[in-house]
Amino acid sequence: MNGPMTAEDRPTPVEDVEDVPDRSEVEGVVRRNIQALLEVRREQERKKSFQEALAGKITGFTGSMTFVFLHAALFGGWLVVNTGVVPFIEPFDPFPFVMLAMIASVEAIFLSTFVLISQNRMQALADKRADLDLQVNLLAEHEITRLIELVDGISRHLEVPRRTDPHLEELKKDVHPEVVLDEIERAQQDAVKD
């Protein structure tokens, strides 16, 4: 085929296929889910304690380029003034800049504490999201198991010829997360022993 593609040459858009759900329905579900997630995040922000909110704001500012530029200007000015380069200002922290080192050390202690507070909060949120993911995955696995049972029952009822699948009965059983976790732990312990 030479030349530009015509309307007849283009593949059929997905919207034209009858078996595909209405796009507006899917978009509505996606919008609903996004709104629900945003509402959960807003609620989590409202539940923050004063200390968590303060630590978050401080960590947000200290992780910005404004903070870097501000420190570069302050430390640079401190060094210029205290090396005696500025003739009309008497150095107040001459080399080896003990006061500057002390201020930087105290600042580092507080900043690391704020970072740890923010990381603890982020870890707690990540744990909640992981729990939600696990619950959704277990629900999906349960629904798939029920669908396998239903399809197998329908095929038996309609006497559809099928080959014997040794795994079919296994697939019809729900997975128990505690068994999987025990097996993972056992495999990890075996790997450590080896």
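The structure holds 15 salt bridges, and the model in which they occur is a predicted one. The secondary structure of the chain comprises six helices and zero strands, so that the order read along the sequence is α-α-α-α-α-α. Of the 194 residues in the chain, 11% are buried.

Among the salt bridges, one lies within a single helix. The side chains of Glu 43 and Arg 46 meet with an N to O distance of 2.7 Å. Because these two residues are three residues apart in helix H1 (residues 23-46), about one helical turn separates Glu 43 from Arg 46. Glu 43 is partly exposed, its relative accessibility being 30%.

A second salt bridge connects two helices. The side chains of Arg 121 and Glu 52 meet at 3.9 Å, N to O. Arg 121 belongs to helix H4 and Glu 52 to helix H2 (residues 50-62), so this pair ties together parts that are 69 residues apart in sequence. The two partners fall into separate accessibility classes: Arg 121 counts as buried at 17% relative accessibility, whereas Glu 52 counts as partly exposed at 29%.

A further salt bridge is formed by the side chains of Arg 156 and Glu 169, at 3.8 Å, N to O. This pair links distant parts of the chain, with Arg 156 in helix H4 and Glu 169 in helix H5, 13 residues apart. Both residues are partly exposed, Arg 156 with a relative accessible area of 47% and Glu 169 with one of 43%. Salt bridges with shared partners join Asp 152, Arg 156, Arg 162, Glu 169 and Lys 172 into one network. Glu 169 is also placed relative to Ile 148: the C-alpha atoms of these residues, 21 residues apart along the chain, are separated by 9.5 Å. Ile 148 is located in helix H4 and is partly exposed, at 23% relative accessibility.

The loop between H4 and helix H5 (168-171) contains Glu 159. The phi angle of Glu 159 is near 55°, a positive value in a residue other than glycine. With a relative accessibility of 69%, Glu 159 counts as exposed.

The arrangement of H3 and H4 was examined next. Two packed helices are described by the angle between their axes and the distance between the axes. For H3 and H4, the angle is about 160° and the axes are 11 Å apart. H3 is therefore roughly antiparallel to H4, since angles over 145 degrees are assigned to that class. The crossing of the two helices, H3 and H4, is right-handed.

Several backbone features are found in the segment joining these helices. A cis peptide bond, with omega of about 20°, joins Phe 95 and Pro 96, and Pro 96 is situated in the loop between H3 and H4. Phe 97 lies in the loop between H3 and H4, and its phi is near 55°, a positive value in a residue other than glycine. Phe 97 counts as buried, because its relative accessibility of 13% is under the 20% limit for that class.

Phe 92, by contrast, is partly exposed, with a relative accessible area of 46%. Phe 92 lies in the loop between helix H3 (65-82) and helix H4 (98-157). Together with Met 99, Met 102, Ile 103, Val 106 and Phe 110, Phe 92 forms a nonpolar patch on the surface, and the accessible area of these residues together is about 560 Å².

Key. Residues are numbered from 1 along each chain as its sequence is written. This is a predicted model: local features need pLDDT of at least 70, side-chain atom pairs count only at pLDDT 80 or more; totals for chains, interfaces and linings use all residues. Side-chain values use heavy atoms; hydrogens and water are left out. Patches are made of residues with over 30% relative accessible area and no salt bridge: like charges are joined within 9 Å, nonpolar side chains (Val, Leu, Ile, Met, Phe, Trp, Tyr) within 5 Å. Accessible areas come from the Shrake-Rupley method with a 1.4 Å probe; for residues, only the protein chains shown count as cover. A salt bridge is a side-chain nitrogen of Lys or Arg within 4 Å of a carboxyl oxygen of Asp or Glu. Helices (H or I, at least four residues) and strands (E, at least two) are DSSP runs, numbered from the N terminus. Buried means under 20% relative accessible area, exposed over 50%, partly exposed in between (1.4 Å probe, protein chains only). Axes are lines fitted to C-alpha atoms, for helices over the stretch in contact, and angles run from 0 to 180 degrees between N-to-C directions. Angles under 35 degrees count as roughly parallel, over 145 as roughly antiparallel, 65 to 115 as roughly perpendicular and the rest as oblique. A crossing is left-handed if the near helix is turned anticlockwise from the far one by less than a right angle, and right-handed if clockwise.
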